Amino acid sequence: MLGWELPPHNSGGLGVACYHLAKALSMKGTSIDFVVPYSAPHDAIDFMTVHSATKLSPLERYGLGAYDSSFLLEEKPGEVLGDLKDIRGVQRHYTRFVEQLISTKDIPFDAIHAHDWLTMEAGMRAKQLTDAPLIVHVHSTEFDRSGGGTGNPIAREIEYQGLIMADRIIAVSEVTKGIIISEYGIPADKIEVVYNAIDPSSFDDGYEYDRRTYKYLEGLKAEGHTIISAVTRMTIQKGLGNLITAVAKASEKYDRLALLLAGDGEQRNELIALASELGISDKIFFTGFVRGKQWRDAYSVSDIFVLSSVSEPFGLTALEAAHHDTALIVTRTSGVGEVLNSIFKYDFWDTDRLADQIVGIATSESLQKSLKQNVMHEYARLSWHDVAERCMNLYQTVRQGALV
Amino acid sequence: MSQRGITLYLHVHQPYRVRDYSVFETAVNHNYFTDPDPLSDRNNEKIFRKVAEKSYRPMNALLQTLLDTHPEFKVSLSITGTFIEQAEAWTPDVIESFQNLVKTGRVEIVSETYYHSLAFFYSRTEFESQVEAHKQKIRDLFGVETSVFRNTELAYNDELAQWADSYGFKGILAEGWDPVLDWRSPNFVYRPEGTENISLLLKNYRLSDDLAFRFSNKAWTEWPLTADKYTEWTTASIADQPLINLFMDYETFGEHQWADTGIFDFFGEFVGRWLSDPSNTFYTVSEAIDTNKPAGTISMPSTVTWADAERDLTAWLGNSMQQEALHYLYALENDILRTNDLELIGDWRKLQTSDHAYYMCTKWFTDGDVHAYFSPYSSPYDAFLYYMNAIRDLRWRLHDQHRTGGLRG
């Protein structure tokens with residue numbers, strides 16, 4: 001299995017999804033060699049073999065970002081990065097490492113499972129060397145990451161080649177499947193939709209909500225405020241400008257609202273300025289990047305969680321939020337909306353609609369309560385075991401009936 | 001005929017910078033101004049000690065020497081309350097050296113708001129409280145009364161002059177800005193529009209900025225500036241006119257212009273050169289007013305400051321973040337003052353210091369002139385977020401400790 005990150009060294013949902021998928025697969029008896037592009041201990045992982053393709057630290061890999069193809073690493077004194085300075089260099093090293101891994105492996109691989117454009121070149125090379133089927137798992141496309149634009153042409157080209165070379169493609173939602181068809185011209189029958197899941201037991205680590213973490217917000221709640229939140233990277237893909245605009249509109253109708261924005265990113269300053277131009281800075285709380293307790297408490301303090309992405313292949317954060325007892329509002333272009341019913345949906349540009357939905361939930365206790373409770377039953381049905389089951393099935397059947 | 005005089009006026013100020021005050025500390029930790037990191041650029045003590053070493057100590061020593069050497073040398077100082085509090089806490093010797101200067105009788109203290117605030121534009125009662133607090137602090141520390149007023153950032157308009165006139169000040173300071181002066185020279189005393197008794201002293205910004213901004217600029221065609229050259233310029237400027245008002249930040253000496261630029265030597269030499277002509281002298285701001293009758297009336301209906309090419313308040317109140325932040329701050333006035341909680345009131349007032357709004361300035365994004373805007377924060381947006389959290393915490397304290405106000409402001 002070819003991935004780019006695993007918890008705790010992940011910068012987003014990709015690492016979380018890979019972890020749970022691999023774990024569920026191993027419980028079904030699959031033996032997995034998982035390759036990551038950095039060196040770090042993964043002490044909590046005993047169900048598969050994790051291989052490090054380079055000597056880079058996860059932090060340097062963060063610098064490159066799972067999805068930022070433009071970042072350049074700077075050499076520190078006494079350190080020679082060589083051609084590892086940019087993401088293309090890391091990808092070349094990653095591919096070479098996979099070649100070596102294949103040549104030293106005693107038992108041949110039955111399948112190659114590559115996650116996103118980052119590992120697709122290595123996946124194609126592995127297919128060439130082993131003749132095993134290549135499954136390309138698409139968690140996000142360059143089309144999504146550029147907020148519905150062209151994005152980086154190199155990333156797009158690699159995605160195109162990978163999708164063509166793949167024996168089967170897994171898309172994390174119908175939304176993503178649609179993009180693969182319309183933006184990359186791949187035939188629909190080559191693509192299978194397998195939704196991500198959530199593993200509620202992974203949240204059972206003795207966590208208890210700490211009311212002191214967001215004490216001011218708790219104070220606002222005590223005064224009758226409704227807390228809206230988004231936990232996300234602040235990039236154009238995430239549509240946060242529309243969320244802020246909608247909160248401003250909603251505040252005109254109903255004043256007791258506050259918005260918690262947890263995360264960081266290139267769009268942050270723009271969002272701060274926008275809030276101020278709309279005169280609602282007072283209602284918005286920017287936390288910066290959060291982890292651990294601050295991250296989970298951000299969900300727990302919230303009444304409404306909004307996934308405002310212009311284009312979101314899945315949107316695991318929405319399931320995480322639902323697990324922490326929030327009402328959900330997601331854009332129609334978010335994959336997670338396909339598996340949940342007890343939620344509100346809106347078109348990402350429709351700030352009037354979003355404002356309406358926010359006011360509706362904030363002013364109706366019964367609506368808020370039923371949304372929170374009902375969505376719990378829905379996400380609980382999504383299981384990583386089912387995801388693993390479908391993958392196993394795919395590995396075994398992908399070449400059945402194929403002519404040699 | 002009276003002598004031709006230079007009125008040298010230096011502004012002494014340090015703000016209480018807000019530390020990296022996050023959402024997670026809001027309502028939990030009420031300390032906004034003491035940065036636990038000794039190396040942080042928001043660590044007020046670190047900065048104060050550094051500037052004391054580079055500027056306050058050497059410049060006060062130079063001023064003392066010049067006062068001892070030249071009976072004609074005089075200087076006027078405005079010293080903010082936030083400066084005095086920090087000096088008292090960390091460098092009492094600096095306070096003592098200022099007291100020694102004032103004891104010579106040739107150093108005048110100029111009145112201003114204690115907290116270096118823009119309160120005049122938000123609340124007249126708060127503004128007057130701060131003027132009174134400053135007067136009292138100066139009385140306590142130096143045993144002198146103030147009689148000439150300068151507003152924060154030299155922000156001046158006719159209304160301010162009329163206020164100062166009725167409040168009993170005999171003089172007020174402002175920028176000698178060309179669009180206002182037109183054909184007139186800043187080298188005279190004027191009477192502000194609509195006033196009875198007060199006199200207006202206008203900054204000669206060309207000669208002031210030669211020192212404050214251009215002195216060490218090697219790209220300047222006049223660099224290096226020598227005492228000879230500057231004496232030539234001042235002499236030419238004052239021909240058949242009574243005075244030159246040189247107004248600038250005190251920290252020009254040693255902090256904005258470092259010692260190795262030669263600013264201290266230059267200044268000592270210039271004072272001697274200027275006074276070597278018996279028709280030349282120095283004035284304190286009060287003497288400049290007592291010696292010279294107003295030559296005419298000047299009107300400034302809109303606010304003029306000593307900042308930027310625009311000479312307006314846009315560096316402090318130009319963008320929506322600045323306007324919003326100050327709006328929230330001053331909205332708390334009545335609730336805060338009613339508590340009689342001196343610590344709370346003090347924190348609220350420290351947040352009024354104009355530097356906070358200045359750090360949120362985004363003008364340099366369009367000017368491309370990053371270096372013109374010094375800030376201890378990595379961006380104006382960070383400055384804004386920390387400041388907003390501090391305002392929220394003030395609300396929390398009001399609500400939690402005094403059962404007044406609401407958290408939503």
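This is a predicted model: local features need pLDDT of at least 70, side-chain atom pairs count only at pLDDT 80 or more; totals for chains, interfaces and linings use all residues.
Figure 1. Take the contacts in chain A between residues at least 6 apart in sequence: 65% of them join residues at least 24 apart. Burial covers 49% of the 404 residues of chain A. Along the principal axes, the C-alpha atoms fill a box of roughly 65 × 55 × 45 Å. The radius of gyration of chain A is 22 Å, which agrees with a compact globule, because a globule of 404 residues would have a value near 22 Å. The secondary structure of chain A comprises 15 helices and 12 strands.

**Figure 2. Helix α11 of chain A and its packing partners.** The helix spans residues 292–300. Its buried residues are A:Arg296, A:Asp297, A:Ala298, A:Tyr299 and A:Ser300. These buried residues pack against three strands of chain A, β7 (226–231), β8 (257–262) and β9 (284–288). They also pack against a helix of chain A, α12 (316–323).

**Figure 3. An open, mixed sheet in chain B.** Five strands make up this sheet, in the order β4-β5-β7-β6-β10.

**Figure 4. The β6–β7 pair of chain B.** Strand β6 covers residues 189–192, and strand β7 covers residues 199–203. The two run antiparallel and are joined by 2 bridges. Within this view, B:Tyr190 stands opposite B:Leu200 of β7(B).

**Figure 5. Two domains of chain B in contact.** Domain 1 of chain B brings 26 residues to the contact, and domain 2 of chain B brings 21. What classes of residue does domain 1 of chain B present to domain 2 of chain B? That side of domain 1 has 12 nonpolar, 8 polar and 6 charged residues.

**Figure 6. The contact between chain B and chain A.** Chain B contributes 20 residues and chain A contributes 21. On the chain B side, α12 (320–331) and α17 (380–402) each supply at least two residues. Which element gives the largest share of the side of chain B that touches chain A? That element is α17(B), with 6 residues. By class, this side of chain B holds 12 nonpolar, 5 polar and 3 charged residues.

Methods
Residues are numbered from 1 along each chain as its sequence is written. Chains are lettered from A and ligands numbered from 1 in the order in which they are written. Domain bounds come from an automatic or database domain assignment. Two residues are in contact if their C-beta atoms, placed from the backbone, lie within 7 Å. Ala, Val, Leu, Ile, Met, Phe, Trp, Tyr, Cys and Pro count as nonpolar, Asp, Glu, Lys and Arg as charged, and the others, Gly among them, as polar. Helices (H or I, at least four residues) and strands (E, at least two) are DSSP runs, numbered from the N terminus. A residue is buried if 20 or more other C-beta atoms lie within 10 Å of its own, exposed if 12 or fewer, and partly exposed in between; C-beta atoms are placed from the backbone. Two strands pair if DSSP finds at least two bridges between them. The radius of gyration is taken over C-alpha atoms; the globule rule is 2.2 Å times the number of residues to the power 0.38.
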